[in-house]
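These are my notebook entries on a single structure.

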Amino acid sequence: ANSRTPATAAMGIDIVHKHKKLHKRTSPASEDPYIRLLVKLYRFLARRTDAKFNQVVLKRLYMARSKRAPLSLSRLVRHMGPHPDKMAVVVGTITDDVRLLKVPKLKVCALRLTEGARARILKAGGEIITFDQLALRSPEGQNTVLLQGPRKARECFKHMGAAPGTPGAHTKPLVRAKGRKFEK
């Protein structure tokens, strides 16, 4: 009788780490002192409170600017419709939208607002606060709605996907020029 046990019985599984990519930001790449101060504040709040809100805000403060897509005023109004008494929180920019005719009274906290958006919100009797004021007012994100702009709205995403010309693909081809000799 063979008394030897199979080699796999006692050993663990050898995991290949060659292609594993577990990199995520632990600090912002931006050298903006105001963002760095907000990171200090929300790093403290994320550590000392159990609220998921603070962890999400901290993660978004780390993000590159291309990931912090701008949110238009019309989209903000649409999302805040069911929550008239809550505060909208946007870790990014809020931009004006001329297609929106009437702006309701809004309570907003954002990193930046364009001049037009700021003027229209204040004219409607709304309120705009900064993230340090928000941390004092609702340190666990109480009565807030956390929103973000459409990340995939950038023009570059139109070129991503299945190869242009393949059946069912609606991917935009990268064309050098618009002319008779070039791909349509």
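**Pocket**

I looked up the largest pocket and noted a volume of about 450 Å³. The model is a predicted one, and I read every entry with that in mind.

I then asked which residues line the largest pocket. The lining comprises 17 residues, and Asp-32, Tyr-34, Ile-35, Leu-111 and Arg-112 are those nearest the centre. Sorted by class, the lining holds seven nonpolar, five polar and five charged residues. I also traced the lining to its elements: at least two residues come from each of H2, E2, E3 and H6.

**Strands**

I turned to the pairing of E3. With E2, E3 pairs in the parallel sense over six bridges; I recorded Ala-110 of E3 as the bridge partner of Val-90. E3 also pairs with strand E4 (residues 127-129), in the parallel sense and over three bridges. Here I noted Ile-129 of E4 as the bridge partner of Cys-109.

**Helix H3**

The buried residues of H3 are Phe-53, Asn-54, Val-56, Val-57, Leu-58, Arg-60, Leu-61 and Tyr-62. I listed what the buried residues of H3 pack against: helices H2 (33-48) and H6 (131-137), and strands E2 (87-95), E3 (107-113) and E5 (144-147).

Terms used: Residues numbered from 1 in each chain as written. Predicted model: local features only at pLDDT ≥ 70, side-chain atom pairs only at ≥ 80, totals over all residues. Heavy atoms only, no water. Buried < 20%, exposed > 50% of the residue type's maximum accessible area, 1.4 Å probe, protein only. Helix = DSSP H or I, 4+ residues; strand = E, 2+ residues; numbered from the N terminus. Contact = heavy atoms within 4.5 Å. 1 Å grid on protein atoms, 1.4 Å probe; cavity = no way out; pocket = protein on both sides within 12 Å on 5 of 7 lines; lining within 4 Å. Points joined across faces, edges and corners; volume = space filled by probe spheres on them. Nonpolar A, V, L, I, M, F, W, Y, C, P; charged D, E, K, R; others polar. Pairing = 2+ DSSP bridges.
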